[in-house]
Amino acid sequence: MPRASSCGGAVAASPSEAQDGGEDDGSLRNDTSHMSFEELLELQSQVGTKAYKQLVTGSSTKKQSSRPPVQKGCVADKHRPLEMSAKVRVPFLRQVVPISKKVARDPRFDDLSGEYNPEVFDKTYQFLDDIRAREKELVKKQLKKHRSGEEHEKLQHLLQRMEQQEMAQKERKRQQELRLALKQERRAQAQQGHRPYFLKKSEQRQLVLAEKFKELKRSKKLESFLSRKRRRNAGKDRRHLPLSKE
């Protein structure tokens, strides 16, 4: 009878038992070699074809492994080193220690920065107007030094862009003042007990255009603005005209 090992596995049979089994198989094969054909057929019908073939050939249907039986080891220690499979290629750059990924935060689109309020933004960064004014004066001085050449063209484009940004900022401030005036007017109507009237977007655009018209008239730039407007509209109308055939 096989003995049980201390780790729970079974120990293989002793060599004497294996030798006895081998001698029995050899004696049976010797007995069948002296039998007649009729006796062999009778033996095959009694024990079956499978058992008969095993007796005659002495080989088992199961494939016997050439390797010796491996005993199952005890439970592995949990503090042992990590075993890496040799079939999987180890990457050149692998993460040994987990590192928390740094996430970039854009304050323009982050809720932590709060909602965008143009009035508060202009008051907070009002010092930038003085910096832009000084930079504009510096560009003008550099433009006077460079009368021609590639540097002159670069400075000219830079000055035009700065003037356009300044005009756009003034226009944005004018629209903010107009919206603030409308808000104060609605608030005064609500205090007097009247129902406040909210302007549509088209009506707001008309008010902005009317205010712009007044500003151009005060600065005596209305004629030049209207002439540019006419040329622009004429160019748009010319695109829709059919091409003349020569």
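**Lys220**

I looked up Lys220 to begin with, and Lys220 is exposed, with a relative accessible area of 78%; exposed means over 50% relative accessible area, buried under 20% and partly exposed in between, with a 1.4 Å probe and protein chains only. I noted that this is a predicted model, in which local features need pLDDT of at least 70 and side-chain atom pairs count only at pLDDT 80 or more, while totals for chains, interfaces and linings use all residues. Residues are numbered from 1 along each chain as its sequence is written, and side-chain values use heavy atoms, with hydrogens and water left out.

I placed Lys220 in the loop between helix 7 and helix 8 (222-240), where helices (H or I, at least four residues) and strands (E, at least two) are DSSP runs numbered from the N terminus. The phi of Lys220 is near 60 degrees, a positive value in a residue other than glycine. I set beside this the general rule that most residues other than glycine have a negative phi.

**The chain as a whole**

I then went through the secondary structure, which comes to eight helices and zero strands, in the pattern α-α-α-α-α-α-α-α along the sequence. Of the 246 residues in the chain, 8% are buried. Among contacts (heavy atoms within 4.5 Å) with a separation of 6 or more, residues 24 or more positions apart account for 36%.

**Helix 5 and helix 6**

I looked next for the largest nonpolar core, and found that this core has five residues, Val139, Leu143, Leu155, Leu159 and Met162; such a core is a set of buried Ala, Val, Leu, Ile, Met, Phe, Trp, Tyr and Cys residues joined through side-chain atoms within 4.5 Å. Helix 5 (127-145) and helix 6 (150-191) each supply at least two residues of this core, and helix 6 gives the most, with three residues.

How do the axes of helix 5 and helix 6 cross? They come within 10 Å and cross at roughly 150 degrees, the axes being lines fitted to C-alpha atoms, for helices over the stretch in contact, and the angles running from 0 to 180 degrees between N-to-C directions. Helix 5 and helix 6 are therefore roughly antiparallel to each other, since angles over 145 degrees count as such, under 35 as roughly parallel, 65 to 115 as roughly perpendicular and the rest as oblique. The crossing is left-handed, a term for a near helix turned anticlockwise from the far one by less than a right angle, with right-handed meaning clockwise. By class, I recorded six nonpolar, four polar and eight charged residues in the contact of helix 5 with helix 6; Ala, Val, Leu, Ile, Met, Phe, Trp, Tyr, Cys and Pro count as nonpolar, Asp, Glu, Lys and Arg as charged, and the others, Gly among them, as polar.

**Helix 6 and helix 7**

I found that helix 6 and helix 7 (residues 201-218) pack at an angle of about 120 degrees, with their axes 11 Å apart, and are therefore oblique to each other. Helix 6 passes helix 7 in a right-handed crossing. Here Glu171, Arg174, Gln175, Leu178 and Leu182 in helix 6 meet Leu207, Val208, Glu211 and Glu215 in helix 7, and by class the contact has four nonpolar, one polar and four charged residues.

I also checked Gln176, which is found in helix 6 and counts as buried at 11% relative accessibility. Leaving aside its neighbours within four places in sequence, Gln176 is in contact with Pro118, Glu119 and Asp122.

**Helix 2 and helix 3**

My last entry is on helix 2 (residues 37-47) and helix 3 (residues 49-57), which pack at an angle of about 125 degrees with their axes 6 Å apart; that makes helix 2 oblique to helix 3.
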